[in-house]
Amino acid sequence: MKRNNCVNCEECGFAELCSAYLFRQKDPLFIRNLETKKKIARGEYIYRRGEKIDELYALRSGAAKVYDARGQLMGIVLPGQVMGVEELHIGYSQQDIQAATEIEVCVLRSDHFYEMSQLMPGFTDFIVRILSRSAQEKQQFISVLTKSDTLQKVQYFLQLLSRTYKEYGFEHLNLELPISKKELAQVLGISISTLSRALDSLKDQGIISMLNKKEITLMVSDKK
């Protein structure tokens, strides 16, 4: 999967909402609160810690990096995934999200959700599914980080990356890492030398092949 590939609307985290209220019903309230194909340059921030958040963002193309309060890289966002979910209940950001590449996002204002839920049948159910999907994705990522065995941690991360690409409609066996190896090592909580040794070991075992520093092919399909 090339990092700038664009997710299809049918596979995006906003898919059900847009299908119901943009493409089929063309609901004016939904359309007024939705901004599509907003471009953000590489290195710019989607939002910063402490900023008021009253929007949900679906990443349309590119990749984004998530930083905690200490400036520690703690995660990545891939095309199709939704950002801003955790902030709905407190109204401000607890993390920084930065464009790792030039990206496009679709933006849905959340300050009118109550009005939408009263006027648009099924809206609340769609939002609940977006929240549930986001929570599940974060739990899967946490399960990777908690692996004590470094080799398993790297292998499970690649498998999770593959499953995520597949779920959002992308090529999922020939992967392009969305961030640098140095950044990936930081996300996984290991040194870059440890990451390199783990990748070499997976390559020697025939689990992956590497065309270059960025492109990895999974030779053993993940059955999950």
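The protein chain carries 31 positive and 28 negative charges, whose mean positions lie 4 Å apart. In this count Lys and Arg are positive and Asp and Glu are negative, while His and the chain ends are not counted. Each charge is placed at NZ of Lys, CZ of Arg, CG of Asp or CD of Glu.

## Basis of the model

The model is predicted: local features need pLDDT of at least 70, side-chain atom pairs count only at pLDDT 80 or more, and totals for chains, interfaces and linings use all residues. Residues are numbered from 1 along each chain as its sequence is written, and side-chain values use heavy atoms, with hydrogens and water left out.

## Overall fold

The protein chain contains seven helices and 11 strands (DSSP runs, H or I of at least four residues for helices and E of at least two for strands, numbered from the N terminus). Its radius of gyration is 18 Å, close to the 17 Å given by the globule rule for 224 residues, so the chain is as compact as a globular protein of that length. The radius is taken over C-alpha atoms, and the rule is 2.2 Å times the number of residues to the power 0.38. Along its principal axes, the C-alpha trace spans about 60 × 35 × 30 Å.

## Contacts around Gln155

Gln155 belongs to helix α5, residues 150-167. Beyond its neighbours within four places in sequence, Gln155 is in contact with Leu202 and Ile207 (heavy atoms within 4.5 Å). Gln155 and Ile207 are 52 residues apart in sequence, and their C-alpha atoms are 8.5 Å apart.
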